[in-house]
Amino acid sequence: MSEIHPNVKRVLYSADDIKNRVQEIGKQITNDYKDSKDLVLIGILKGSFMFMSDLVRSINLPKTNVTLDFMAISSYGHSTNSSGVVRILMDLKSNIEGKDVIIVEDIIDSGLTLNHLVELLGSRKPNSLHTAVLLRKKDGIKIDVPCRYIGFDIPMVFIIGYGLDFAENYRELPYLGELREECYKK
Ligand code: 5GP
Ligand code: MG
Ligand code: MG
C-alpha cells in the first residue's frame, strides 16, 4: 500500500477491507432486491461518492431497472459536530414514487442527518425505502434511524478518506483513517 497521509493517526480500514465489505453488502442487496421492478440508489453527496461507485458495481440485478440519483446536502460545514440541520444543495433529478429506494450514506453519528433524509424521501411515496451506511458511530446515535445495510461499526473518532472529508480535504484517500486530533482541535 502507498504511504499513509501524515495527518492520519491510524488506518481503521484498508482499501482491501473496504472492498471486501462493500462486496458483501452488494451481494445482500442483490439477494434482497431480486424481485424488484425499479431500484433507485440515492447517493448523498459528497461523502458517499466512493462508496456509491463501488457498491453499484457489486450489485447484479439484470431483471431490475437499476438507476442512480444523487442529492447534495450540507450538514457539518467545517466543524466536526452535527447540527442536525440539513441543507439541500441539490435535489433528486428523478421521481421516486412507486420505486424501491436505497439511500447510500457515508457515515452516521447522531443519525439526525439520515433521519431527516428518510422523512423527506419517505414523503415522496416510494414503494420501499431503506438505507445503506458505510460507517456507524454506535455511541453517537441520538435517534433510532433504521439502517438495513451497515459497513462497519466504529468508535467515536473523526474519520477521513474514501470520500469522507475534513473541510473538503482527504476525500481522495483510498482507506478510512482517523484524523489526528491536532488537525481539528484548537
Ligand atoms: P449525524 O447527523 O448522523 O450526526 O452526522 C452525519 C453527517 O456528519 C455525515 O453525513 C457526515 O457528513 C458527517 N460526519 C459525521 N461523523 C463524521 C466523521 O467522523 N467524519 C466525517 N468526515 N464526517 C462525519
Ligand atoms: Mg454524509
Ligand atoms: Mg463533511
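Reply: Two strands pair if DSSP finds at least two bridges between them; helices (H or I, at least four residues) and strands (E, at least two) are DSSP runs, numbered from the N terminus. This is a predicted model, where local features need pLDDT of at least 70, side-chain atom pairs count only at pLDDT 80 or more, and totals for chains, interfaces and linings use all residues. Residues are numbered from 1 along each chain as its sequence is written, chains are lettered from A and ligands numbered from 1 in the order in which they are written, and side-chain values use heavy atoms, leaving out hydrogens and water.

Me: In what order do the strands of the open sheet stand?

Reply: Strands of a sheet pair through backbone hydrogen bonds, either parallel or antiparallel. Here the order of the 6 strands is β4-β3-β2-β5-β6-β7, with mixed pairing. β4 (87–90) and β7 (149–154) are the edges; each has a single partner strand, so one side of each lacks a neighbour in the sheet.

Me: In which sense do β2 and β5 pair?

Reply: β2 (residues 38–45) and β5 (residues 100–108) are parallel, over 5 bridges. Leu39 stands opposite Asp100 in β5.

Me: Which side chain meets Arg10 in a salt bridge?

Reply: Side chains of opposite charge can pair when their charged atoms come close. A salt bridge needs a side-chain nitrogen of Lys or Arg within 4 Å of a carboxyl oxygen of Asp or Glu. Arg10 meets Glu178 at 2.8 Å, N to O. Arg10 lies in β1 (residues 8–13) and Glu178 in β9 (residues 176–179), so the pair ties together parts 168 residues apart in sequence.
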